[in-house]
Amino acid sequence: MQKQRPGLAPVAASRRGIVIMFATNSLIVILIVGLVAGWLAGQIMKGSGFGLIGDLVVGIIGAFIGTWLWDLLHLPTIGNFWINAIVISTAGALVLLFILRIIKR
């Protein structure tokens, strides 16, 4: 039986271990991390800024891409939750902006 960690939503078993299900405040976390990651990716790739809503969308989609790539490459976690989430989301957003830039040409 899996232990319930205090302050987190119930956990579910998956192929690779334990997955934390969304809590009620996770939407706010997703929006903050997505916005920061999208903005950072836009700053790193000059001329790729899409405004507030565009950066948010790029950051959220980048979070999915970054998490998939991070898992695929078996890369370690970096620092605490916030730093790790922002780095992984920014990496995914950079990949997304790179692909969008190639398609745009």
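Begin by selecting helix 1 (residues 26-44) and helix 2 (residues 51-72), which pack at an angle of about 105° with their axes 7 Å apart. Axes here are lines fitted to C-alpha atoms, for helices over the stretch in contact, with angles running from 0 to 180 degrees between N-to-C directions. Helices are DSSP runs (H or I, at least four residues), numbered from the N terminus. Helix 1 is therefore roughly perpendicular to helix 2 (65 to 115 degrees; under 35 is roughly parallel, over 145 roughly antiparallel and the rest oblique).

This is a predicted model, in which local features need pLDDT of at least 70 and side-chain atom pairs count only at pLDDT 80 or more, while totals for chains, interfaces and linings use all residues. Residues are numbered from 1 along each chain as its sequence is written, and side-chain values use heavy atoms, with hydrogens and water left out.

**The contact of helix 1 with helix 3**

Next, show helix 3 (residues 81-104), whose axis comes within 8 Å of that of helix 1 and crosses at roughly 50°. Helix 1 is therefore oblique to helix 3. Val29, Ile32, Val33, Val36, Ala37, Leu40, Ala41, Gly42 and Ile44 of helix 1 meet residues of helix 3 that include Phe81, Trp82, Ala85 and Ile86.

**Buried residues**

Return to helix 1 and select Ser26, Val29, Val33, Gly34, Ala37, Gly38, Ala41 and Gly42, which are buried (under 20% relative accessible area, 1.4 Å probe, protein chains only; exposed is over 50% and partly exposed lies in between). The buried residues of helix 1 pack against helix 2 and helix 3.

On helix 2, the buried residues are Gly54, Asp55, Leu56, Val58, Gly59, Gly62, Gly66 and Trp70. Their cover includes helix 1 and helix 3.

**The end of helix 2**

Finally, centre on His74, which follows helix 2 and has a positive phi, near 55°.

Notes: Helix = DSSP H or I, 4+ residues; strand = E, 2+ residues; numbered from the N terminus. Contact = heavy atoms within 4.5 Å.
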